[in-house]
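Okay, thanks everyone. I've got one model to walk you through today, so let me put it up and we'll get going.

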Amino acid sequence: MDLFEYMRASSMEKEAPLAARLRPTTLEEVVGQQHIIGRDRLLYRAIKADKLSSLIFYGPPGTGKTTLAKVIAKTTSAEFTQINATVAGKKDMEEVVKAAKDTMGMYGKRTILFIDEIHRFNKSQQDYLLPFVEDGTVILIGATTENPYFEVNGALLSRSVIFELKPLKREDIKELLRRAVYDREKGMGAYDAVLDEDAMEFLADLSGGDARHALNAIELGIMTTQRSEDGKIHITLEVARECIQKRRVRYDKTGDNHYDTISAFIKSMRGSDPDAAVYYLARMLYAGESVTFVARRIMICAAEDVGIADPQAISVAVNASLAAERVGMPEAQIILSQAALYVACAPKSNACVKAIGEAMDTVEKTGDLSIPPHLQDAHYKGAAKLGHGTGYLYAHDYPDHYVEQQYLPYELTGKEFYHPSGNGYEVKVKEHMKRIRKREGNEML
């Protein structure tokens, strides 16, 4: 490193955001994530012994993925190189691999390659790394906010240990806020600020387990608040509210939390818990989820989980979808709430799902079985001469508008696909079908 690079690095370190300056340099300074870096845990022992294998750090933003990589950089005897997948390409990786080979050849030192946002690399870029991870040229440490089982090459995963980082606890966030305000070496202690207890509680609560979110807020508060008569900068609850005006919600429309939340929403409607259903609906809408996406899920649930137990459910869901699209937010939240609560409270039946599922399986197994001649169309040219439609019994000419005749292909005679449940309107359906079929001496239910 020459003098200019040294001066630039020193300047950047001083001017870096508080969250970057406050990063720990040892494992003992790390706050949170004790489930993976506690003293008796594998990762702690591996870092202390400098015996790392390839790792994948997976978790929400602001939970310490890069922090752990930096701690490893400070403690390992290996060469440490960092790239960011949002801007790096294959050429950058080729340079890292070449340098790693040279380092191993000249000094016998391993190279740890830290790739931030590794999920941003495409398959071919990830494939390029595989042989060098395989032969130990580089030890890979990847950080990702996305589920690595979806976003990272399976071959890389099989050669890596995956550690999931959790959102920081409130007490962890509060400890970081104290360091930020009062630490004179890395924090902002030189500003002589005072953090009120209720302001700290507020910031810890609204940060949603994201340390960076909380630290950015406290830095903004200290930098923009006038000193009081006592010469100190007081971070009050009012100041904290100005600095972090909206609760941090971990919700990415293409990420895990998106799928987890919509899954919880659907399962709550299916499980007839209206309170949970409207809560998860609120979480999605609060995070900016598409109205049309939510509406589609409600319609699917109405058909899949309610079905004929309440035939109105699908109508409510469809009409709510149309209304919500036409009205838009914020009023659309009321319309979607009505539909979600209706579906959640409706009697449940998946008889329709089972019926079409079994019918599809039967079609796949049996192919195009012949339709009974009396059901075939007799109107097109020459069809009647072929016997199409002959012998068909018009149901409305008979009592209860029902007459027994063969509707399924003859090979499927007696086959039943639809079995009405004992819930809601299907009770009446079941009784009706039983009554008319019993009259014909063919009780099928």
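Let's start with strand β4, where both faces are covered: Val138, Leu140, Gly142 and Thr144 are buried on one side, and Ile139, Ile141 and Ala143 are buried on the other. Buried, for this talk, is under 20% relative accessible area, exposed is over 50%, and partly exposed is in between, with a 1.4 Å probe and protein chains only. In a regular strand the side chains alternate between the two faces of the sheet. The strand itself covers residues 138-144, and seven of its seven residues are buried.

Quick housekeeping. This is a predicted model, where local features need pLDDT of at least 70 and side-chain atom pairs count only at pLDDT 80 or more, while totals for chains, interfaces and linings use all residues. Residues are numbered from 1 along each chain as its sequence is written, and side-chain values use heavy atoms, with hydrogens and water left out.

So, what does β4 pair with? Strand β1, residues 55-58, pairs with β4 in the parallel sense over four bridges, and Ile56 has Gly142 as its bridge partner. Strand β3, residues 111-116, also pairs with β4 in the parallel sense, over six bridges, with Ile112 opposite Ile139. For pairing, DSSP has to find at least two bridges between the strands.

Now β3. It's largely enclosed by the rest of the structure, because six of its six residues are buried. On one side that's Thr111, Leu113 and Ile115, and on the other Ile112, Phe114 and Asp116. Strand β2, residues 79-84, pairs with β3 in the parallel sense over six bridges, and Ile83 stands opposite Ile115. The chain gets from β2 to β3 through helix α6, residues 90-107, in a right-handed β-α-β crossover. Right-handed means that, with the strands pointing away from the viewer, the path from the first strand over the helix to the second runs clockwise. Then β3, helix α7 (residues 123-134) and β4 make a right-handed β-α-β unit too.

While we're on α7: Pro131 is found in that helix. Is Pro131 buried or partly exposed? Partly exposed, with a relative accessible area of 42%.

Compare Thr362, which is found in helix α19, residues 351-366. Thr362 is buried, at 11% relative accessible area. Leaving aside neighbours within four places in sequence, Thr362 is in contact (heavy atoms within 4.5 Å) with Gly367, Leu412, Lys415 and Phe417.

One more helix: α16, residues 291-306. Its 16 residues should span 22 Å at 1.5 Å a residue, and the end C-alpha atoms are 21 Å apart, which agrees. The expected span is 1.5 Å times one less than the number of residues. Just after α16, Gly307 takes a positive phi of about 60°.

Last, confidence. pLDDT is the predictor's confidence in each residue, from 0 to 100. The protein averages 85, and 89% of the residues score at least 70. Confidence is highest in helix α18 (residues 332-345), at a mean of 95, and lowest in helix α1 (residues 3-15), at 49. Over residues 3-12 the pLDDT is below 50, and beyond near neighbours in sequence that stretch has one contact in the model. Where pLDDT is low, the predicted coordinates should not be read in detail.

Methods: Helices (H or I, at least four residues) and strands (E, at least two) are DSSP runs, numbered from the N terminus.
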